[in-house]
Amino acid sequence: EHWREVVATGVALALLSWAFVAVSGSNVYSDADLLFEVVLVPVGEELVFRGVLLGWLLARLTTRQVQPTAARLAIVFSAVAFGAAHASNALFGAGGFAVVQVLAATVLGLLFGRLRVRTRSLAAPILLHALINGINLLG
């Protein structure tokens, strides 16, 4: 029911992300990375963070918590893990931009997790993730 507002929020965040990259000149990608960043990364990261990790957390927490609380906790934990995973970008010369990526990835992880729980599918988080990566790459 609320998938439209979630997708609209994601698109707005993607546009804000693109604007940040365009203004700051912090884009560290080349055009050769398009396939990797828009197809392989979104599919891989969503399978790991929203498929495996979020699914595992939901299964474990729902046995101990009331369902809405369990879903919120699972989404938050998986989003923090997703954000932390982006800290590795500092190793690739992103420097201070890695901090922004960690924060942005955590917020986007919350959105992707909500989409995953709401739609009970990985399709929407993968597509939104691909859109955001594509906008950042072309920014």
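Buried means under 20% relative accessible area.

**Figure 1. Overview of the predicted model.** The model shown here is predicted. By the cut-off above, 35% of the 139 residues in the protein are buried. The secondary structure consists of five helices and zero strands. Read from the N terminus, the order of elements is α-α-α-α-α. Contacts between residues at least 6 apart in sequence were also sorted by separation: 71% of them join residues at least 24 apart.

**Figure 2. Close-up of the packing of helix 2 against helix 3.** Two packed helices are described by the angle between their axes and the distance between the axes. Here helix 2 spans residues 34-61 and helix 3 spans residues 67-85. The angle is about 145°, and the axes lie 9 Å apart. The crossing of helix 2 with helix 3 is right-handed.

**Figure 3. Side chains and residues at the contact of helix 2 with helix 3.** Helix 2 contributes E45, F49, R50, L53, L54, L57, L58 and L61. Helix 3 meets them with A70, A71, L73, A74, I75, F77, S78, A81, F82 and A85. Sorted by class, this contact holds 15 nonpolar residues, one polar residue and two charged residues. E45 and R50 are charged and belong to the helix 2 side. S78, on the helix 3 side, counts as polar.

**Figure 4. Close-up of the second largest pocket.** The volume of this pocket is about 210 Å³. Its lining is made up of Q67, P68, A71, R72, I75, R114, V117 and R118. Two elements, helix 3 and helix 4 (96-119), each give two or more residues to the lining. Helix 3 supplies the largest share, five residues. By class, the lining has four nonpolar, one polar and three charged residues.

Figure 5. R120 sits in the loop that links helix 4 to helix 5 (123-138). Its phi is near 55°. That is a positive value in a residue other than glycine. Is R120 buried or exposed? The relative accessibility of R120 is 75%. Exposed means over 50%, so R120 counts as exposed.

Methods
Residues numbered from 1 in each chain as written. Predicted model: local features only at pLDDT ≥ 70, side-chain atom pairs only at ≥ 80, totals over all residues. Heavy atoms only, no water. Axes fitted to C-alpha atoms, helices over the stretch in contact; angles between N-to-C directions. Helix = DSSP H or I, 4+ residues; strand = E, 2+ residues; numbered from the N terminus. Left-handed = near helix turned anticlockwise from the far one by under 90°. Contact = heavy atoms within 4.5 Å. 1 Å grid on protein atoms, 1.4 Å probe; cavity = no way out; pocket = protein on both sides within 12 Å on 5 of 7 lines; lining within 4 Å. Points joined across faces, edges and corners; volume = space filled by probe spheres on them. Buried < 20%, exposed > 50% of the residue type's maximum accessible area, 1.4 Å probe, protein only.
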